[in-house]
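Here are some notes to read alongside the structure, with the side-chain contacts as their topic.

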Amino acid sequence: METGRFDPFSAKMPDTSVNFKEIQGKLDDNEVIYRFFPYKYFEQLLDEKKIAFISPLVYDDDEKEAECFDEYKNEIYKKLVQMYDNNQINFDEAGIKKTGDKNIDIMNVSARWQKIYEYCRRNVFVSCWTFNDYSNAYMWEQYTKNAPDAVAIKTTIGHLKKSIEKTGHGRHAIGKVKYIDWQNEKISFLSPNNVSTLNSLVYSLMHKQKRFENDNEFRLIIDNLTCNTTSWVQRSVNTIIGDKDFDYDQYFSEDNKPTIFLKETIIPDLLIDEIYLSPFADEKSIQKIRSKLSIQIFGPKNIKKANLLNAGEING
């Protein structure tokens, strides 16, 4: 018997081929992107051959990160009222007591949807890249604190996609982040018949406030839900009223901490085109990077192309 105590994070899902859903329009696979790393995270990428995807719950720079758009909340409310008036809400299947008082019942199903949204938010993870290149001083300062052993890697959207061949996680969404006036943004993809909670969350994650425009971000987002074939998980992700077999409250107790990140296996040789050290790199840092690269099973093209920046380019 299926119960709400099933934990998606402990599920052993089989690896499958990766399909990338493009958000915000068509992307060019040849477009160059970068990622800036403190050294320890670069080292982890090479040693583990994995990219870390971070939960938006731990982002502390943008309070709107993964927040639901007001317009979407309004669409949800209107949809719930419409469903209620047409007697289309199955309270028994949702496990919600129907009182017969429309205001109370709508309030209860709205509260359930909010829990579904928060549950989905605990199960999506983001890998952030940028279209800013290695010469961008803001990126070194913001993301590496100008550490002398910091590293930036250069790749393309196409190479990033090819480097992830198999996955045990769910859908992969990719797109350029759009920087907006959060309160006044119009959401063109929504309609009264299109209220998928997970889709709305991914769409929201492809937007940030205008004050972050300098980041010039490209994002790859994965979820840990669509890979899970347990029926109550699927019903809870794809409806706005949920399922009686799902114990929503367990995920919001103090002793049930959200997962901070997931890791996706990659092929470094397919991912990395060029490597750059911080402009503030000292000789010790240069030698550390050279030594690290020399002991990795790393394609000749990557080692040959690696550039070390230290008051100018130093060929590796």
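1. In this predicted model, the side chains of Lys161 and Asp29 form a salt bridge, with N and O 3.0 Å apart. Lys161 belongs to helix 6 (residues 157–163) and Asp29 to the loop between strand 2 (20–22) and strand 3 (32–37), so the contact ties together parts 132 residues apart in sequence. Lys161 is buried, at 18% relative accessible area, whereas Asp29 is partly exposed, at 34%.

2. Please look next at Glu48 and Lys263, whose side chains meet in a salt bridge of 2.7 Å, N to O. This pair links distant parts of the chain, with Glu48 in helix 1 (residues 39–48) and Lys263 in strand 12 (residues 261–265), 215 residues apart. Glu48 is partly exposed, with a relative accessible area of 36%, and Lys263 is partly exposed too, with 24%.

3. Lys288 and Asp149 also form a salt bridge through their side chains, at 2.8 Å from N to O. Lys288 sits in helix 10 (residues 283–295) and Asp149 in the loop between helix 5 (137–144) and strand 6 (151–156), so parts 139 residues apart in sequence are tied together. Asp149 counts as buried because its relative accessibility of 18% is under the 20% cut-off; Lys288, at 33%, is partly exposed.

4. Some salt bridges share partners: Glu43, Asp47 and Lys292 are joined in this way into one network. For the whole structure, the salt bridges number twelve.

5. Turning to the rings, there are nine aromatic pairs. In one of them, Tyr34 and Tyr276 are tilted, at 6.4 Å centre to centre and 45° between the planes. The pair links distant parts of the chain: Tyr34 is in strand 3 and Tyr276 in strand 13 (residues 274–277), 242 residues apart. Both Tyr34 and Tyr276 are buried. Together with Tyr134, these two tyrosines make up one aromatic cluster.

6. How are the planes of Tyr39 and Phe42 arranged? Their planes are at 55°, with the ring centres 6.5 Å apart, so the pair is tilted. Tyr39 and Phe42 are three residues apart in helix 1, a separation of about one helical turn. Tyr39 is buried at 9% relative accessibility, and Phe42 is buried at 0%.

7. Finally, two places where a charge meets a ring. The charged end of Arg35 sits over the ring of Trp129, 5.6 Å from the ring centre. The charged end of Lys208 sits over the ring of Phe212, 4.4 Å from the centre of that ring.

Terms used
Residues numbered from 1 in each chain as written. Predicted model: local features only at pLDDT ≥ 70, side-chain atom pairs only at ≥ 80, totals over all residues. Heavy atoms only, no water. Salt bridge = Lys/Arg side-chain N within 4 Å of Asp/Glu carboxyl O. Helix = DSSP H or I, 4+ residues; strand = E, 2+ residues; numbered from the N terminus. Buried < 20%, exposed > 50% of the residue type's maximum accessible area, 1.4 Å probe, protein only. Phe/Tyr/Trp six-rings, centres within 6.5 Å; stacked < 30°, edge-to-face > 60°. Lys NZ or Arg CZ within 6 Å of the ring centre and 35° of its normal.
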